[in-house]
Amino acid sequence: MNIKEIEKLIHLFEQSKLTSLKVKDKEQTIEMTMEETAVSSVPKKEEAKQTTASVPTSTKEETITAPMVGTFYLAAHPGEDPFVHVGSEVTEDTTVCVLEAMKVFTEVPADRCGKITEILAADGEFVEYGQPLFKVQCK
């Protein structure tokens, strides 16, 4: 296999729901496994508050969805404050989380104005394209 074939294989593996893959040809063997990493940037007590807290909903509530597959992080680095929490006011340019795929971190903007009413993904969780991440009470 050449490097382009290997890169394509890695990309396909990441897009799939497989947790392991082993490919053999005459010259080489490639083995990949997807491990769930539990990187938490929020202390456990605060994390529990986030999942149970809610803000009264208005007539218009929208969902921020994942623009790609990857690992969902609420903060830029472990131990740092999260970008947003339940009750945070956001604008179109507010970064709400980062998604990591192949060691590349992509900031996810809110793309709307309002207040975060619910965080739907757990920190360190692998998310799929289009998966709901946050609920926002729009202004």
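Modeller: A nonpolar core is a set of buried Ala, Val, Leu, Ile, Met, Phe, Trp, Tyr and Cys residues joined through side-chain atoms within 4.5 Å, where buried means under 20% relative accessible area, exposed means over 50%, and partly exposed covers what lies in between, using a 1.4 Å probe and protein chains only. This is a predicted model, in which local features need pLDDT of at least 70 and side-chain atom pairs count only at pLDDT 80 or more, while totals for chains, interfaces and linings use all residues. Residues are numbered from 1 along each chain as its sequence is written, and side-chain values use heavy atoms, with hydrogens and water left out.

The largest nonpolar core has 20 residues, and among these Phe 72, Val 96, Ile 116, Leu 133 and Phe 134 touch the most other members. Strands E6, E8 and E10 (132-138) each supply at least two residues of this core, and the most comes from E10, which gives four residues. Here helices (H or I, at least four residues) and strands (E, at least two) are DSSP runs numbered from the N terminus. In soluble globular proteins, nonpolar side chains tend to be buried together.

Once neighbours within four places in sequence are set aside, Val 96 is in contact (heavy atoms within 4.5 Å) with Ile 64, Leu 74, Phe 83, Val 84, Val 90, Val 108, Pro 109, Ala 110, Ile 116 and Phe 134. Over the protein chain, 61% of the contacts between residues at least 6 apart in sequence join residues at least 24 apart.

Turning to the strands, the protein chain has two helices and ten strands, which follow one another along the sequence as α-β-β-α-β-β-β-β-β-β-β-β. Four of the strands form an open sheet in the order E7-E6-E4-E9, with antiparallel pairing, two strands being paired if DSSP finds at least two bridges between them. E7 and E9 (126-127) stand at the edges with a single partner strand each, so one side of each has no neighbour in the sheet. E4 (residues 70-73) pairs with E9 in the antiparallel sense over two bridges, and Thr 71 has Phe 126 in E9 as its bridge partner.

Lys 103, in the loop between E6 (95-101) and E7, has a phi near 65°, a positive value in a residue other than glycine, and Lys 103 counts as exposed because its relative accessible area is 73%. Asp 111, in the loop between E7 and E8, has a phi near 60°, again positive in a residue other than glycine, and with a relative accessible area of 54% Asp 111 is exposed.

The charged side chains form three salt bridges in the structure, each being a side-chain nitrogen of Lys or Arg within 4 Å of a carboxyl oxygen of Asp or Glu. Lys 60, Glu 62 and Arg 112 are linked in a network of salt bridges, in which Glu 62 meets Lys 60 at 3.4 Å, N to O. Glu 62 also meets Arg 112, with the closest N and O atoms 2.7 Å apart, and this pair links distant parts of the chain, since Glu 62 lies in strand E3 (residues 61-65) and Arg 112 in the loop between E7 (104-109) and E8 (114-119), 50 residues apart. Arg 112 counts as buried because its relative accessibility is 18%, whereas Glu 62, at 23%, is partly exposed, as is Lys 60 at 45%. The side chains of Glu 89 and Lys 115 form another salt bridge (3.7 Å, N to O), which joins strand E5 (residues 89-90) to E8 across 26 residues; Glu 89 is partly exposed at 44% relative accessibility, and Lys 115 is partly exposed at 28%.

Finally, a word on confidence. The chain averages a pLDDT (the predictor's confidence in each residue, from 0 to 100) of 81, and 81% of the residues score at least 70. Over residues 38-52 pLDDT stays under 50, and for this stretch the model has 23 contacts beyond four places in sequence.
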